[in-house]
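User: Could you take a close look at one part of this model with me? I would like to follow the side chains along it and see who meets whom.

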Amino acid sequence: MNEKPQLRRSNKVDDVREDSELEGLSRTGSRKLRESNEENYKKNRLKARLNMIIAGLILAIIIVYLIMFFVNF
């Protein structure tokens with residue numbers, strides 16, 4: 001049940017590039033490279049989510065302001 005979710009790759013070019021990068025590395029080097037790639041992927045996904053949340057909050061503030069302006073609260 002506590003399995004780590006696997007990341008999906010949308011492009012096979014990434015797999016080929018990653019495989020060629022991993023060929024000359026030791027196991028620890030390839031593990032560190034994979035971990036850093038996963039970390040970057042997670043950071044970028046979090047950045048995108050936070051940007052969407054911020055945009056939604058700004059939009060909500062504008063809508064509330066307009067409602068208050070036209071209803072004369």
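**A closer look at helix α2**

Let's begin with the rings: Tyr65, Phe69 and Phe70 are linked into a cluster by ring pairs. Please keep in mind that this is a predicted model. Two aromatic pairs are found in the structure. In one of them, the ring centres of Tyr65 and Phe69 lie 6.3 Å apart and the planes meet at 25°, so this pair counts as stacked; the cut-off for stacking is under 30 degrees. Tyr65 and Phe69 sit four residues apart in helix α2, about one turn of the helix. Phe69 also pairs with Phe70, this time edge-to-face, with 5.2 Å from centre to centre and 80° between the planes. For that label, the planes have to be over 60 degrees apart. Phe69 therefore takes part in the stacked pair with Tyr65 and in the edge-to-face pair with Phe70.

Helix α2 runs through residues 27–71, which makes 45 residues. From the first C-alpha to the last, helix α2 reaches 65 Å, close to the 66 Å expected at 1.5 Å a residue. Just after α2 comes Asn72, with a positive phi of about 65°.

Next, look at the charged side chains. How many salt bridges are there? The count comes to two. One joins Arg31 to Glu35, at 3.3 Å from N to O. The other joins Glu39 to Lys43, and there the closest N and O atoms are 3.3 Å apart.

Arg31 and Glu35 are four residues apart in helix α2, which means about one helical turn between them. Glu39 and Lys43 are also four residues apart in helix α2, again about one helical turn.

The protein chain has two helices and zero strands. Of its 73 residues, 4% count as buried. The accessible surface of the protein chain is about 7,200 Å², and 59% of that surface belongs to carbon and sulfur atoms.

Conventions
Residues numbered from 1 in each chain as written. Predicted model: local features only at pLDDT ≥ 70, side-chain atom pairs only at ≥ 80, totals over all residues. Heavy atoms only, no water. Expected span 1.5 Å × (residues − 1). Salt bridge = Lys/Arg side-chain N within 4 Å of Asp/Glu carboxyl O. Buried < 20%, exposed > 50% of the residue type's maximum accessible area, 1.4 Å probe, protein only. Areas by Shrake-Rupley, 256 points an atom, 1.4 Å probe, with all protein chains shown as cover. Phe/Tyr/Trp six-rings, centres within 6.5 Å; stacked < 30°, edge-to-face > 60°.
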